[in-house]
Amino acid sequence: KGQNPVFPRILGHEAAGIVESVGEGVTDLKAGDHVLPVFTGECKECRHCKSEESNMCDLLTINTDRGVMLEDQKSRFSINGKPIYHFVGTSTFSEYTVCHVGSVAKINPLAPLDKVCILSCGISTGLGATLNVAKPPKGSTVAVFGLGAVGLAAAEGARMAGASRIIGVDLVPSRFELAKKFGVTDFVNPKEHSKPVQEVIVEMTDGGVDRSVECTGNVNAMISAFECVHDVWGVAVLVGVPHKDAEFKTHPMNLLNERTLKGTFFGNYKPRSDLPSVVEKYMNKELELEKFITHEVPFAEINKAFDLMLKGEGLRCIITM
């Protein structure tokens, strides 16, 4: 949607690996380092990287249209002398890939790569949206819209923060049972109610939830997520990526009544600076990653992984190279 197709290219952007070699000028990494390639980067030099408030790098923020390396505008992949293009700086559906040093986070070498690989995109995005952006106080109420892997990671963040009530909102009833493992206490299926879901949540919570996190990308869910938070202290965080023609509409009084609307990108984590500590949360058993991993297939059966995703049957399917 809204992207210029560049073909042929190697897709894939969520992975873990080991550095095989480094190019000229690379000093932060060496062969043998364990790393997470990340679809957005951290050059550490630009004004965004130098700001404590930003994780958007001027040089390496996500670019779906670029299919080449920044340095020389050329691809590092080829077949029969013809280029194969890169994808969001990672191209991880491959035994070997080539990344800019700023798009690679060095992690604890003891961390199992077949588990922490899921931290390089979706799980960190949902987790950080709650812990870094929504910041629910202990004992607060949190609504999570969309119970896919990112939404469940947001719920996991709310559980870790000590939320007293976590309300999951989804159109697929079969997701509700699984969501209990991630701390979800209440479930709302908008299809089962005659009034807007935000009104249902406001009634359930005596005026609205303290925090909400929207993980669907559906603009109506975004509006509901904002309108279901309590006035004065309520904070809504948008995570999902909307359709390019979508418009967010709400009555200005919802803002004047001191609700807060925020957006987040990659859970506000700076990839190189912050991901190592997220890996440590897993190593210290504060964060459970195993429950996000529902399937595993060899690379030859990658289409099976796509089928599982499209049917909504799995959370994360690990592909072994």
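Helices (H or I, at least four residues) and strands (E, at least two) in these legends are DSSP runs, numbered from the N terminus. The views show a predicted model, in which local features need pLDDT of at least 70, side-chain atom pairs count only at pLDDT 80 or more, and totals for chains, interfaces and linings use all residues. Residues are numbered from 1 along each chain as its sequence is written, and side-chain values use heavy atoms, with hydrogens and water left out.

**View A. A network of salt bridges links Glu 156, Arg 159, Glu 288 and Lys 291.** A salt bridge is a side-chain nitrogen of Lys or Arg within 4 Å of a carboxyl oxygen of Asp or Glu. Helix H4 (residues 149-161) carries both Glu 156 and Arg 159, which are 3 residues apart, about one turn of the helix, and their closest N and O atoms are 2.9 Å apart. With buried meaning under 20% relative accessible area, exposed over 50% and partly exposed in between (1.4 Å probe, protein chains only), Glu 156 counts as buried at 0%, whereas Arg 159 is partly exposed at 32%. In the salt bridge between Glu 288 and Lys 291 the closest N and O atoms are 3.7 Å apart; here Glu 288 is partly exposed at 40% relative accessibility, and Lys 291 is buried, with a relative accessible area of 12%.

**View B. Asp 58 and Arg 47 form a salt bridge, with their closest N and O atoms 3.2 Å apart.** This pair links distant parts of the chain, since Arg 47 belongs to helix H1 (47-50) and Asp 58 to the loop between H1 and strand E3 (77-79), 11 residues apart. Arg 47 is exposed, with a relative accessible area of 64%, while Asp 58 is partly exposed at 42% relative accessibility.

**View C. Strand E9 (residues 211-214) is covered on both faces.** Arg 211 and Val 213 on one side, and Ser 212 and Glu 214 on the other, are all buried. Strands count as paired if DSSP finds at least two bridges between them; E9 pairs in the parallel sense with strand E6 (residues 141-145) over 4 bridges, and also in the parallel sense with strand E10 (residues 235-238) over 4 bridges. Val 213 is the bridge partner of Val 144, and Ser 212 stands opposite Ala 236 in E10.
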